[in-house]
Amino acid sequence: MSFVDAFVAFLHGPFGNNPFAILAWQALLAGAAYLIVRLVRGRVPRQATAPVRLAGKGASVVLRNRYALLLIGLFLPLIELLTGGYLLSVTYSIELYVLLAVGLNIVVGFTGLLDLGYVAFFAVGAYVYGLFASPQLYEITKQTTYFLVSQSVVGPQPGFHISMLVLIPLAGAAAALFGVLIGIPTLRLRGDYLAIVTLGFGEITRIFANNLDQPINITNGPNGIINIDPVTIGSYSFGNPANHLGPFQIPPFLNYYYLVLLLILLTVFIVSRLERSRVGRAWAAIREDETAAQVAGINTRNLKLLAYASGGFFGGMAGAIYAAGQHLIAPDSFQLFVSILVLVMVVAGGMGSIPGAVVGAIVVGFLYFLSPSLLYLRILVFGGLLVLLIIVRPQGFLPSAQRERELEEKEEDPSLVAATPGPAP
Amino acid sequence: MQRCLDLLTSGLTPEGILQQLINGVTLGSVYALIALGYSMVYGVLELINFAHGDVFMIGTFVVLGVTGQFGLTGTSSLALVIPVLLLAMIAAMALCAVLGFTIEKVAYRPLRRAPRLAPLISAIGVSFFLEAWIATYVSSRDHTLPNLLAGDIPLYADVTIRYVQVLMLVSSVVMMVGLQQLVRRTSLGRGMRAVAQDREAAELMGVNMDRVISFTFIIGSALAGVAAVLWMLNYSTNQTIGFIAGLKAFTAAVIGGIGNIPGAMLGGFLLGLAESLGAAYISNASCGIFSSAYEDVFAFAFLILMLVFRPSGIMRERVSQRA
Amino acid sequence: MAFKPSDPVLKIGFIGMLAGKYQNYGIDAKNGAQLAVDQMNAAGGVQNQGTTYTFQLDPVDDNADATQGAQSAQKLVDDGVVAVIGGIFSTATIAESKIFNDNGITQISPSATNPKYTAQGFKTAFRVIGNDVAQGHTDAEFAVKTLGCKNVAILDDKSTYGQGLADSVNDAIPGAGGKIVAREHLDATASDFTAQLTTIKGKHPDVIFYGGYSAQAGPLTSQARKLGIKVPFVMGDGCEDSDYTKLAGTDAEGAFASNGGPAQNLMTGFAEFNTKFKAKYSVDVFQYAPQAFDAANIIMNAVKTAGATKAAVLGAVAATKDYKGLVQSYTFDSKGDITTSIFTVYKVESGNFKAVKAVTIGG
């Protein structure tokens, strides 16, 4: 904690609380940092070229040691449990963000469509799970005759209580469908217009979730849906704090941790297959030059919709598990900032790189979740980091080999960009 | 069904509609001023300057700071209020201009040849940085000014228009006309138009592109400073208003035809009216299904519809290949 | 940290928003709880079966957010707290209540007024403030019967708190003999509320009830006055604070706001509490410090009667009967709500809220 306090004090500077004094101090710091970089590097790095190769190795280091990493993933929570449940609860939240980052990476990294409303998919998945695994739908029937939901459904409470084996894929599918619905009207848009429209869709989703308690109470408005069922397999409830394995108590977060770990492995497997398939190469072509891709005979419309749908699917699944583990979902949890946080993760890791998305989510996630008392300061740091990264290191820390090549080519000769037909076969 | 028809007509009174029009135009005039900044930058750089709304937000805090220094209250005499407000405006314009200039230099200029998404992501970073900076080092709470320049002109029945609202309307139109003249008549304006049309050709023809772009940011940001004064005369501020006002203003710029100066103004007024009338009558029009809580959806829905069906905006200036 | 068996220090958790837009509420409550703990320790702690216990407050931030709340709640579980004071806002409090219930830890909220919090069937969830239903009833009766305003317009900010309270008022108005002439909502992120206010003006209400926080209520009141709406505002506890009078300025005059608990001058021992609070934190009591102070004392009292385990504290807190606190006398019902809730309606006079009416519900 003292390190954090020292950091806060350092940024605040020695000149008191006047905003201008703080600004002056921080400008001084920035200037000094600039000068040091200049002295060391000779000139200010615009888009770093030399370290790129090293970084490419970084990604392959991750890939080569994937089994060791998997082992760490398997045993990490057990070590964390020695210190209690807090670190595990944080790790679990980060896992969900890993899923989100891998999903957003498909849209932003592979296909080059900047989606600033990714939280919408997360929300759709969470609400699908919340509605079909809680008393909420039964509550609706008490007020209206629009729906006929009988009390005779399995479970201790009335309402739908569908198994997670059905619901989690269903939530993913609903979010994927939502992705296609968002995708259709935005197909013609490119770049920044697309970004702002997706941002709009993200906000619209939240506003609807907040207001669909009238005239029929579907989402329960700002209160959100509570009493959401935990994931249950057979008679084993993930949410039951009294589960035991021999003498060891199994906390709910541990159950969810392994469930999400399994999903992450599945997702990474599927997505890396996708990346190397014809579809993945076509996505890359769209990212590099949509017009050229179209001329080359790629059905850009369907492929862009597919990117939205697959990104949405993984976001929706993450949302469903979030709802199950959280016991309550409310519109406030689906703010624009979630989209931005996931974007920071993807950019930091390296757009288009799966190891990058995973590692980016882990690093940024830990920084974010372990500092709740720095509510605004951490956002300030992330905002600054985003600018710095995109200027000094646009390929991220663990770029994919392919993306790295593209950036190098661009650096050397802009005319090559249009001529690059995509990855080498 | 009868209930719906009754509902549809129940809230419609001439006083109500007139008042809603005034509300909408008031809001729209601020949107319009911020939209000018978006429109100019987009016209020249083809970049959505996400941080523009936050520059405006910082302007509102400058206004708060200046008026706070002079201890203005609702009962202060005009002889004090007007000079202080002018001073606040100059300070806000100057600080916003410096800020806009710095943002361009630090966060956008190094990315001029980078892939398309890079400057946009950088802009988002700047926006969140500025918001968090204000929340950390200035205030994360809401603030208002006392009721300055009170007084109104009666219009019809009990509907009045306040002096502040007249001031807002007039100053936004004046700014728009001034800007239009600047772009049309000065050499700087010529430079802007040249860069907007073809960046490389303009550079080859001897236009100092860096200078033109810097000036675009300075002028756009200074206008946000003016908007900040007008905003504070009527509304409240906190560190998040910039992002929302910015999104609305961007929408206004798109509606009017991005890159088009009178268009940005027109878009601002249209959006302000759509929000006011929408929030007021949506419940009646939809038979109670939607309520006034959907106010923010109108702007986004308007934006999406516009981009999908008429991406070049109402006042089509030039065909943008991006949308 | 090694505990000496001779003088055990018990941790009491505090969870709430300590940084951010609504940090005033959280910091205020935390200070209240801290004061109670410090006073108890200065008096030598409590004794149970020959052991003397002293206390330590363990504050964590939940950012008033459900996800962060669950994590921070888990942190308190790890820290081995015997009981928790908080959260401050309802949504986060409900998310946290699941974790505390799983771990058998008593949770007493000083301020979460949403009825759902204690209606989940959790044995560990308590609050020392009347819920929204009781407060809505108070506000409705006050507006219709005391002020004699028959036609009521209701406006809320679509937040868990604001809408919940407005719904309760909505339900209670007909019973009080009033009529609802308009029901409008605003978006808490918006700055311009004139569209909603103009609609309300067209319906000619005698009074406007607003459910929400002072951050919007202040500008809302000013905008209403500028539109020529002269009828009084009645609001809930989210607006009875100095932010409201600061934001609305002179337009705040004559506005009413209710709040849980008796007026400060009617609380026995408040003067002493206030002096110590001010001496220690150099700020005035903002809102829920007295409630949090009482919650901490209820917990420490439970340790005194039943011992230092989580289960013992839970049992003793649930059995709390006629406990005389700073704010009022507390008895919990089977759900964890207090059986008697006291509300006071305040009116803004020359820039400050002055108590005008006290209401006792239940008991």
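The questions and answers below go through the chains, their surfaces and their charged pairs.

Guide: This is a predicted model, in which local features need pLDDT of at least 70 and side-chain atom pairs count only at pLDDT 80 or more, while totals for chains, interfaces and linings use all residues. Residues are numbered from 1 along each chain as its sequence is written, chains are lettered from A and ligands numbered from 1 in the order in which they are written, and side-chain values use heavy atoms, with hydrogens and water left out.

Visitor: How many helices and how many strands are there in chain A?
Guide: Helices (H or I, at least four residues) and strands (E, at least two) are taken as DSSP runs, numbered from the N terminus. Counted in that way, chain A has 18 helices and six strands.

Visitor: What percentage of the residues of chain A count as buried?
Guide: A residue is called buried under 20% relative accessible area, exposed over 50% and partly exposed in between, with a 1.4 Å probe and protein chains only. For chain A, which has 425 residues, the buried part comes to 57%.

Visitor: Is A:Lys304 buried or exposed, and with which residues is A:Lys304 in contact?
Guide: A:Lys304 lies in helix H13 (residues 300–326) of chain A, and because its relative accessibility is 3%, A:Lys304 counts as buried. Contact means heavy atoms within 4.5 Å. Leaving aside neighbours within four places in sequence, the contacts of this buried lysine are A:Thr111, A:Leu113, A:Leu187, A:Leu189, A:Ile286 and A:Glu290.

Visitor: Which residues form the positive surface patch of chain B?
Guide: Lys and Arg count as positive and Asp and Glu as negative, with His and the chain ends not counted, and the place of a charge is taken as NZ of Lys, CZ of Arg, CG of Asp or CD of Glu. The patch is formed by B:Arg184, B:Arg185, B:Arg190 and B:Arg193, and the elements that give two or more residues to it are helix H6 (163–185) and helix H7 (187–197) of chain B.

Visitor: Which residues are joined with B:Glu104 into one network of salt bridges?
Guide: Side chains of opposite charge can pair when their charged atoms come close. A salt bridge here is a side-chain nitrogen of Lys or Arg within 4 Å of a carboxyl oxygen of Asp or Glu, and B:Glu104 and B:Arg109, both buried, meet in one at 2.9 Å, N to O. In chain C, the side chains of C:Glu272 and C:Lys276 likewise meet in a salt bridge. Salt bridges that share partners join B:Glu104 into one network with B:Arg109, B:Arg112 and B:Asp210.

Visitor: How many residues apart in sequence are the parts tied together by C:Arg183 and C:Asp167?
Guide: The side chains of C:Arg183 and C:Asp167 meet in a salt bridge at 3.0 Å, N to O. Because C:Arg183 lies in strand S8 (residues 179–185) and C:Asp167 in helix H5 (residues 160–176) of chain C, the pair ties together parts whose separation in sequence is 16 residues.

Visitor: Where in chain C is C:Gln49, whose phi is positive?
Guide: Phi of C:Gln49 is near 45°, a positive value in a residue other than glycine, and C:Gln49 counts as exposed at 77% relative accessibility. Its place is the loop between strand S2 (46–48) and strand S3 (51–61) of chain C.

Visitor: Which residue does a cis peptide bond join to C:Gly87?
Guide: C:Gly87 has its place in the loop between S4 and helix H3 (90–102) of chain C. The cis peptide bond, with omega about -10°, joins C:Gly87 to C:Gly86.

Key. Patch = residues over 30% accessible without salt bridge, like charges linked within 9 Å, V, L, I, M, F, W, Y side chains within 5 Å. Areas by Shrake-Rupley, 256 points an atom, 1.4 Å probe, with all protein chains shown as cover.
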